[in-house]
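Please work through the following exercises with the sequence and the model at hand. Each task is followed by a solution in steps.

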Amino acid sequence: MALSAWHPHDRTTWLLETVWVLAGLPLLVLTRRRFPLTQLLYCLLAAHALVLAAGGHYTYAQVPLGDWVRDGLGLDRNPYDRFGHLMQGFVPAVLVRELLTRTSPLRGSRWLAPLTVCACLAFSAVFEMFEWAAAVIGGHAADDFLATQGDVWDTQWDMFCALIGATVSVLLLSRLHDRQLSALPAARTSED
């Protein structure tokens, strides 16, 4: 985070993109003993923080890795924004799944997977409304934060990417996640 804050492309964009990490990290530290998370979730949150930090430092439309992918594959736009929105579904899916499993009667329920995906899609829609508000308030000054790159369907693509990310996460990681949830001390997995 400190490196991403050092001479970012735009200080306001950096703050808007990284506020989730700036708020989430202290929360994780404060709750780590009372409500420890699985190692899978901690690792995914760290990876997501790196994605957010890079997007905040360069802006999503200008991340060099995305430029290399764009140029290498002959794409019309830097795909880092799409990757960020895939992560916006992929990582929160494990977070939502863990919270629902540990604090609700959904453990082992067939409803757990669809409700997890729905929660991630709902968050993505709320995030798009946040971007809309930034565009209304900031006008063209919000362009770096929005990273639409001229795509009139950017909002729909962003939500679709989050949906795909959440679905893939649930399909690929549920068994591993269940094993790690089972390994947590029983006293810490029940509702406090």
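Predicted model: local features only at pLDDT ≥ 70, side-chain atom pairs only at ≥ 80, totals over all residues.

Residues are numbered from 1 along each chain as its sequence is written, and side-chain values use heavy atoms, with hydrogens and water left out.

**Exercise 1. Describe the fold and the dimensions of the chain.**

Step 1. The secondary structure consists of 9 helices and 0 strands; helices (H or I, at least four residues) and strands (E, at least two) are DSSP runs, numbered from the N terminus.

Step 2. The C-alpha trace spans about 50 × 35 × 30 Å along its principal axes.

Step 3. For 192 residues, a compact globule would have a radius of gyration near 16 Å, and the 17 Å of the chain agrees with this. The radius is taken over C-alpha atoms, and the globule rule is 2.2 Å times the number of residues to the power 0.38.

Step 4. Among contacts with a separation of 6 or more, 72% join residues 24 or more positions apart; contact means heavy atoms within 4.5 Å.

**Exercise 2. Determine whether His7 and Thr59 are buried or exposed, and state the phi of each.**

Step 1. Buried means under 20% relative accessible area, exposed over 50%, and partly exposed in between (1.4 Å probe, protein chains only).

Step 2. His7, in the loop between helix 1 (2-5) and helix 2 (11-31), has a relative accessible area of 60% and is therefore exposed.

Step 3. Thr59, in the loop between helix 3 (39-58) and helix 4 (64-73), is buried because its relative accessible area is 0%.

Step 4. Phi is near 50° for His7 and near 80° for Thr59. Most residues other than glycine have a negative phi.

**Exercise 3. Identify the residues of the nonpolar surface patch and the helix that gives the most to it.**

Step 1. Patches are made of residues with over 30% relative accessible area and no salt bridge; like charges are joined within 9 Å, and nonpolar side chains (Val, Leu, Ile, Met, Phe, Trp, Tyr) within 5 Å. A salt bridge is a side-chain nitrogen of Lys or Arg within 4 Å of a carboxyl oxygen of Asp or Glu.

Step 2. Phe83, Leu86, Val152, Trp153, Trp157, Phe160, Ile164, Val168 and Leu172 make the patch, of about 900 Å². Accessible areas come from the Shrake-Rupley method with a 1.4 Å probe; for residues, only the protein chains shown count as cover.

Step 3. Helix 5 (80-103) and helix 8 (154-183) each supply at least two of its residues, and helix 8 gives the most, with 5.

Step 4. Phe160 lies in helix 8 and, at 43% relative accessible area, is partly exposed.
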